[in-house]
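Here is a short briefing for a first look. Keep the sequence and the 3D view side by side as you read.

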Amino acid sequence: MEENSINQGDLVLIYLDDKRQFLIQVVPKLKLSTDLGDIKIDEIISKEFGFVGKTHLGRHFYCLKPTISDLMLKIKRKTTIVYPKDLGYLLFETAIGPGSKVIEVGTGSGALTLFLSRVVAPDGVVYSYERNEEFLENAKKNLEKIKYKSRIEYFLRDVAIEGFIQKDIDAVFIDVPEPWDIVPKACDALKGGHHLVAWSPNVEQVKKTVEVLQSSNFIRIKVCEVVQRDILVRERGVRPRERGITHTAYLVSATKTKV
Ligand SMILES: C[S@@+](CC[C@H](N)C(=O)[O-])C[C@H]1O[C@@H](n2cnc3c(N)ncnc32)[C@H](O)[C@@H]1O
């Protein structure tokens, strides 16, 4: 079982209130300054997750284990990222789990890579493709901080031109502006009977992707949008929040028929 104490190098979510949440990596002598007071990180080393401390101004803070969503949303972004609300659905449209070998394109900022590496851990592999070197280097740095990930192999290449190296893959995840160019390459890489998912912000992109899927070896083509509504729970009335994430992307899933 994973131990619950806070050690050097761990990622900890320091929570003061909903507006003041800080994802930090534990480094001795570090000081976190907030408008509610300073926190000496030395004071939380060797404590258990869940520890409640006080800032130098006497305000409480809580040391929490970051959720996968916390980790994804706090990574350094050089691109747009896949949002947590879409990931559950995308996962259910594939047949992957611990030990699976999956492909994603593009790596972007590494948010999806992080999620996939958790899903296929401990002995699966994520093959992550990106054509922009700067983005790839940023994603690698983001992922180096995360513990307990499975093997991730990175490839700097334009998949629309050069395709994927691997074959017999359990699922292909596509997050690029032109997914339809990747569909034939995904078809070559996927195992028969296995699944592809792609997501795009615009309907025009979805239409083009679906047309290419229909003319390739894919069936069970589905398109959906996941809508998340956060609910305010208050004494004076419970109702949806006015603001929040509205549209992120349309999700396309399909299954390859033949090997
Ligand atoms: C929206 S971002 C991906 C974000 C990523 N899924 C995440 O969650 O952080 C799209 C990425 O795809 C890359 N890309 C676009 N077309 C590509 C191609 N043909 N081959 C490889 N990478 C590509 C872009 O450089 C960009 O970094």
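The points below go from the whole chain to its sheets, its ligand and a few single residues.

This is a predicted model. The chain has 259 residues, and buried residues make up 45% of them. Its secondary structure comes to seven helices and 15 strands.

**The chain as a whole**

- Taken along the principal axes, the C-alpha atoms fill a box of roughly 65 × 45 × 35 Å.
- The accessible surface is about 13,900 Å². Carbon and sulfur atoms account for 51% of that surface.
- Take the contacts between residues at least 6 apart in sequence: 63% of these join residues at least 24 apart.

**The seven-stranded sheet**

- Seven strands form an open sheet with mixed pairing. Their order is β9-β8-β7-β10-β11-β15-β12.
- β9 (151-156) and β12 (218-224) are the edge strands. Each has a single partner strand, so one side of each is left without a neighbour in the sheet.
- On average, neighbouring strands here are turned by 15° against each other, direction ignored.
- Within this sheet, β10 (residues 169-174) and β11 (residues 190-200) pair in the parallel sense. Five bridges hold the pairing.
- V172 has L196 in β11 as its bridge partner.
- Helix α3 (residues 111-120) packs on the sheet. This helix touches β7 (101-105), β8 (125-130), β9, β10 and β11. The direction of α3 makes about 165° with that of β8.
- Helix α4 (residues 133-144) also packs on the sheet, touching β8 and β9. The direction of α4 makes about 165° with that of β9.

**Helix α2**

- Which residues of helix α2 (residues 84-92) are buried? They are K85, D86, L87 and L90.
- These buried residues pack against two helices, α1 (68-74) and α3. They also pack against the strands β11 and β15 (250-256).

- Another open sheet has four strands, in the order β2-β1-β6-β5. Its pairing is antiparallel.
- β2 (20-25) and β5 (52-54) are its edge strands, each pairing on one side only.
- Neighbouring strands of this sheet are turned by 30° against each other on average, direction ignored.
- β5 and β6 (residues 60-64) run antiparallel and are joined by three bridges. G53 stands opposite F61 in β6.
- Strands β3 (residues 31-34) and β4 (residues 37-40) also run antiparallel, joined by four bridges. A hairpin of two residues links β3 to β4. Here L32 stands opposite I39 in β4.

**The ligand**

- There are 24 residues around the ligand. S109, E130, D158, V159 and D175 come nearest.
- A nitrogen atom of the ligand lies 2.8 Å from an N or O atom in the side chain of D158.
- Backbone atoms take part too. A polar backbone atom of A111 is 3.2 Å from an oxygen atom of the ligand. A backbone N or O atom of L112 is also 3.2 Å from an oxygen atom of the ligand.
- The ligand taken alone exposes 610 Å², and the protein buries 93% of that.

- Is T255 buried or exposed? T255 has 10% relative accessibility; buried means under 20%, so T255 counts as buried.
- T255 is in strand β15. Its side chain makes a polar contact of 3.0 Å with the side chain of H195.
- Leaving out residues up to four places away in sequence, T255 touches G193, H194, H195, N217, F218, I219 and R220.
- D123 is in the loop between α3 and β8. Exposed means over 50%, so D123, at 57% relative accessibility, counts as exposed.
- D123 and G99 are 24 residues apart in sequence. In space they are 4.9 Å apart, C-alpha to C-alpha.
- The side chain of D123 reaches the backbone nitrogen of G99 at 3.5 Å. D123 touches P98 and G99, not counting residues up to four places away in sequence.

Conventions: Residues are numbered from 1 along each chain as its sequence is written. This is a predicted model: local features need pLDDT of at least 70, side-chain atom pairs count only at pLDDT 80 or more; totals for chains, interfaces and linings use all residues. Side-chain values use heavy atoms; hydrogens and water are left out. Two strands pair if DSSP finds at least two bridges between them. Axes are lines fitted to C-alpha atoms, for helices over the stretch in contact, and angles run from 0 to 180 degrees between N-to-C directions. Contact means heavy atoms within 4.5 Å. A residue is near a molecule or strand if one of its heavy atoms lies within 4 Å of it. A polar contact is a pair of N or O atoms within 3.5 Å; within protein, one must be able to donate a hydrogen and the other to accept it, and residues adjacent in sequence count only if both atoms are side-chain atoms. Accessible areas come from the Shrake-Rupley method with a 1.4 Å probe; for residues, only the protein chains shown count as cover. Buried means under 20% relative accessible area, exposed over 50%, partly exposed in between (1.4 Å probe, protein chains only).
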